[in-house]
Amino acid sequence: MKKEEIFTLRKNRKEEAVRSDVMASEREYRWTVCAVIVLLIALCTAHVTDRPASSHPHRKTSVLKMDEASLSVTNEIENDMMLYVVSDHCYKCLPKLLGIIPARPASGTPTTVGFVVGTQHALTLQLNSTSANLEPKHIHYECFFSLLFLAILFAFLVFAFLAALSAIWNTVKRLDVVTNLLHRLGSTVETERLINSELGTPNRLIDASMESIIPATTGRRLRSLDTFRGLALVIMVFVNYGGGRYWFFRHESWNGKLISFFTVATSMFVFIMGTSIGLSLSGSLRRGVKRTHLQWRIFWRSLQLFLFGVIIVNPNYCQGPLSWDSLRIPGVLQRLGFTYLVVAILDLMVARDRLTNLSSETCWYSVHDVCLYWPAWLIVIALEAIWLCLTFLLPVPDCPTGYLGPGGIGDFGQYQNCTGGAAGYIDRWLLGNNHIYQTPSSRVVYQSVVPFDPEGVLGSINSVLMAFLGLQAGKILLHYRDQHRQIITRFLIWGFILGIISAVLTKCSRNDGFIPVNKNLSLSYVTTLSCFAFVALVVFYYLVDVKKWWSGAPFYYPGMNSILVYVGHEVFEEYFPFRWKMANSQSHAEHLAQNLVATSIWVIIAYLLYRKKIFWKI
């Protein structure tokens, strides 16, 4: 090939790279603007739809608190009435006495008494007479803030509309006429700035003779994985900051934690961490990195995650210096560190320096991405068998064997000190009462009285299983590289299998299954969330990496700096501009505005760090 032809070819490739960079940068900017617009619309809509709780015409107090309602009960009979209440969210709970409505005087007006009740969940009210000759009256009482929910729903619809417009614009921009016009309008200075601020892996010009040898995905990072990770992280940050104090964003009291946004996001984060482990270690081995060096890096990274969680995230230094006497040992980062250690070592133990190329005619070709790593699967199955034996066979003092309940007033108050069963007992025995979580979410509804840690020791085994299933997704991406149909098909098959397992374990019910869905304890929680993760990964992979309809912005940026964003949002949670004194602390609108602003600031910080090519890796 002549020098002039080589020069012309390279020049054309550079021009194509420049145009690609210009379009990519414009797309990133457009998504950032869309995110800001959605944020403003959500704030405005929430402000319009929110109403002060004190507007209720019947109230006992001058001002009602958040998620409270005033209830007036009139007694027209000549017997005292006793009002009991039980939350429909409280499984097998005895009604609690709310108050007494005195009898109507013999020659007087009916007696009316006002009460304040919570409105987060549906309530069942029970009226009993102190006289035994009257039957109790049951009233089902529900209060939902539908208008408040419309704020978030409306913001989502606006975001979907903007996304559709963006997809249409991307299609139009691919037309040669529009592309040439946009290219001519861009100045040389602006083009150079965009080139210099390119934030991905630099484009490399490969010799034509090498293009058939080097796979298309070599050195290319899958944006869908970082986007998936970033979305999970953004949800975690938003819910940690309060989620507008809406009940559907808060931690579930016990079973049914699938509907808790934070626990779903955390589990998705664990899943995608396993996927990244498979891709990262495989790439390191192909580059010739020694396994001993990788082992040391795995141990050091796990230790750092554990120490960050114990020393930086868990203590609240605003309340005083670190106290070793009451320092909580388990935590989210600690569990991530332990999970990463186990799964990464398992993968390093069975991973190969070069991927085995099997013929498609081999009888076990369709499952070779599983069979090649059978020792790791055996170890994970053995760990899960240990979890099952400890959970259902370990004797716990003063508690029934195999108990999975919340204790407190649950199960009709029979097992008040048995919160978490074997999992809680192991944590209290191994770590001590002072070094685990003191205010579990079960205290709100079930009034549990003993400490219980949602990130305890026994539950970490299920976290390992979750990450290992994510690792399997990584193996599929490796073994079927660039075979999009094969990858998507296998993801959907895994999702279907895990969904069937979840249906069997839970009997498709909230509390009546063999193993109810519970993030603190449950195998069914792992299978259910992994099912959703495989299906969600199909969507992200298809939109971002296959069709390239979506660049992944704005979630892609925090996904590239996940540790920094998570640790940072925990450390600076109580500082401005992430938190400030509100005019009305009982307003959902103000809480929602504050939490959205704080979360958006971290997305912007991640975007700026991405522009500067600053990534915090441990």
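Trainee: Is D453 buried or exposed?

Mentor: Burial is judged by relative accessible area: buried means under 20%, exposed over 50%, and partly exposed in between, with a 1.4 Å probe and protein chains only. D453 counts as buried because its relative accessible area is 2%. Before going further, note that this is a predicted model, in which local features need pLDDT of at least 70 and side-chain atom pairs count only at pLDDT 80 or more, while totals for chains, interfaces and linings use all residues. Residues are numbered from 1 along each chain as its sequence is written, and side-chain values use heavy atoms, with hydrogens and water left out.

Trainee: Where does D453 lie, and with which residues is D453 in contact, leaving aside neighbours within four places in sequence?

Mentor: D453 is in the loop between α12 (442–446) and α13 (459–479). Helices (H or I, at least four residues) and strands (E, at least two) are DSSP runs, numbered from the N terminus. A contact means heavy atoms within 4.5 Å. Leaving aside neighbours within four places in sequence, D453 contacts R328, P330, D427, I436 and Y437. Its C-alpha is also 7.6 Å from that of Q438, a residue 15 positions away in sequence.

Trainee: Which residue meets D453 in a salt bridge?

Mentor: The criterion is a side-chain nitrogen of Lys or Arg within 4 Å of a carboxyl oxygen of Asp or Glu. The side chain of R328 meets that of D453 at 2.7 Å, N to O. R328 lies in the loop between α7 and α8 and D453 in the loop between α12 and α13, so the pair ties together parts that are 125 residues apart in sequence. Both R328 and D453 are buried.

Trainee: How many salt bridges are there by this rule?

Mentor: The count comes to six. Among them is the pair D347 and K475, at 2.6 Å, N to O. This pair links distant parts of the chain, with D347 in helix α8 and K475 in helix α13, 128 residues apart. D347 and K475 are both buried. Another bridge joins R579 and E573 at 3.6 Å, N to O. Here R579 counts as partly exposed because its relative accessibility is 23%, whereas E573 is buried at 18%. Salt bridges that share partners also join R328, D453 and E455 into one network.

Trainee: Which residues touch the most other members of the largest nonpolar core?

Mentor: In soluble globular proteins, nonpolar side chains tend to be buried together. A nonpolar core is defined as a set of buried Ala, Val, Leu, Ile, Met, Phe, Trp, Tyr and Cys residues joined through side-chain atoms within 4.5 Å. The largest core has 103 residues, of which F271, I277, L333, L469, F491 and L537 touch the most other members. Helix α15 (residues 523–546) supplies the largest share of this core, twelve residues. Beyond four places in sequence, the contacts of F271 include M466, L469, F534 and L537. Another core, of 13 residues, lies apart from it and has L83, V113, L123 and L127 among its members.

Trainee: Which residues make the nonpolar surface patch?

Mentor: Patches are made of residues with over 30% relative accessible area and no salt bridge: like charges are joined within 9 Å, and nonpolar side chains (Val, Leu, Ile, Met, Phe, Trp, Tyr) within 5 Å. Accessible areas come from the Shrake-Rupley method with a 1.4 Å probe; for residues, only the protein chains shown count as cover. W296, W300, L303, F306, L307, I311, Y317 and W324 make a patch of about 860 Å². Y317 lies in the loop between α7 (291–313) and α8 (332–350) and is partly exposed, at 43%.

Trainee: Where are the cis peptide bonds and the positive phi values?

Mentor: Most residues other than glycine have a negative phi, and most peptide bonds are trans. The bond from A553 to P554 is cis, with omega near 0 degrees, and a cis bond with omega of about 10 degrees joins F576 and P577. K548, in the loop between α15 and α16, has a positive phi of about 60 degrees although it is not a glycine. K613, in the segment after α18, likewise has a positive phi of about 60 degrees.

Trainee: What average pLDDT does the protein have?

Mentor: pLDDT is the predictor's confidence in each residue, from 0 to 100. The protein averages 77, and 74% of the residues score at least 70. Over residues 141–152 pLDDT stays under 50, and the model has 23 contacts beyond four places in sequence for them.
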